[in-house]
Amino acid sequence: QLQLVESGGGLVQSGGSLRLSCAASGFTLDYSAIGWFRQAPGKEREGVSCISSSGGKTIYADSVKGRFTISRDNAKNTVYLQMNSLKPEDTAVYYCAADPTTDRNMCFISRRFPYNYWGQGTQVTVSS
């Protein structure tokens, strides 16, 4: 069964840090662009960050630039999202998505991009 599983969410105080993980089972992430998205209650899903399959291209939403870092460890078949200096407005369910058809040096954070695989999400709550 092909699936992505996010972990690492939780409750943290404003200014704190969390590291989210996106692990794949049933397929390798080596050839997949990976995107991180989030959705807060009553809001549309928004792209947070992405990394190309080569690892050479990363993109960040303006709202997280300088605070979040995306990385990948192909040996562990896992992609990470390190989140520092968290703010209450970062509170959301965070999802990772994979697309194995994208060019190795490209990735997308548009919510309209048709990523093939999605995880079930992990809740991040930042208290003020």
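This tour moves through a predicted model, from its nonpolar cores to a central strand pairing and then to its salt bridges.

**The cores.** Begin by selecting Trp36, Phe68, Leu81, Met83 and Tyr94, which touch the most other members of the largest nonpolar core, a set of 28 residues. If you then colour β3 (18-25), β4 (33-39), β5 (46-51), β7 (68-73), β8 (78-83), β9 (92-99) and β11 (122-127), you will have the strands that each supply at least two residues of this core. Centre the view on Met83 and show its surroundings: leaving out residues up to four places away in sequence, Met83 touches Gly16, Ser17, Leu18, Leu20, Arg67, Phe68, Tyr94 and Val124.

**Strand β4 and its partners.** Select β4 next, where 6 of the 7 residues are buried, so that the strand is largely enclosed by the rest of the structure. With β9, β4 pairs in the antiparallel sense over 7 bridges, and Ala33 can be seen standing opposite Asp99 of that strand. With β5, the pairing of β4 is also antiparallel and runs over 5 bridges, including the one that joins Ile34 to Ile51. Follow the chain from β4 into β5 and you trace a hairpin with 6 residues between the strands, in whose turn Gly42 has a positive phi of about 80°.

Apart from neighbours within four places in sequence, Asp90 is in contact with Arg38, Arg67, Phe68, Ser85, Val124 and Val126. Asp90 forms a salt bridge with Arg67, their closest N and O atoms lying 2.7 Å apart, and because Arg67 sits in the loop between β6 (58-60) and β7, the pair ties together parts that are 23 residues apart in sequence. Arg67 is buried as well, at 9% relative accessibility.

**A last stop.** Finally, select Glu44 and Arg111, whose side chains meet in a salt bridge of 2.8 Å, N to O. This pair links the loop between β4 and β5 to the loop between β9 and β10 (117-118), 67 residues apart. Glu44 is exposed at 55% relative accessibility, while Arg111 is partly exposed at 38%.

Definitions and conventions: Residues are numbered from 1 along each chain as its sequence is written. This is a predicted model: local features need pLDDT of at least 70, side-chain atom pairs count only at pLDDT 80 or more; totals for chains, interfaces and linings use all residues. Side-chain values use heavy atoms; hydrogens and water are left out. A nonpolar core is a set of buried Ala, Val, Leu, Ile, Met, Phe, Trp, Tyr and Cys residues joined through side-chain atoms within 4.5 Å. Buried means under 20% relative accessible area, exposed over 50%, partly exposed in between (1.4 Å probe, protein chains only). Helices (H or I, at least four residues) and strands (E, at least two) are DSSP runs, numbered from the N terminus. Contact means heavy atoms within 4.5 Å. Two strands pair if DSSP finds at least two bridges between them. A salt bridge is a side-chain nitrogen of Lys or Arg within 4 Å of a carboxyl oxygen of Asp or Glu.
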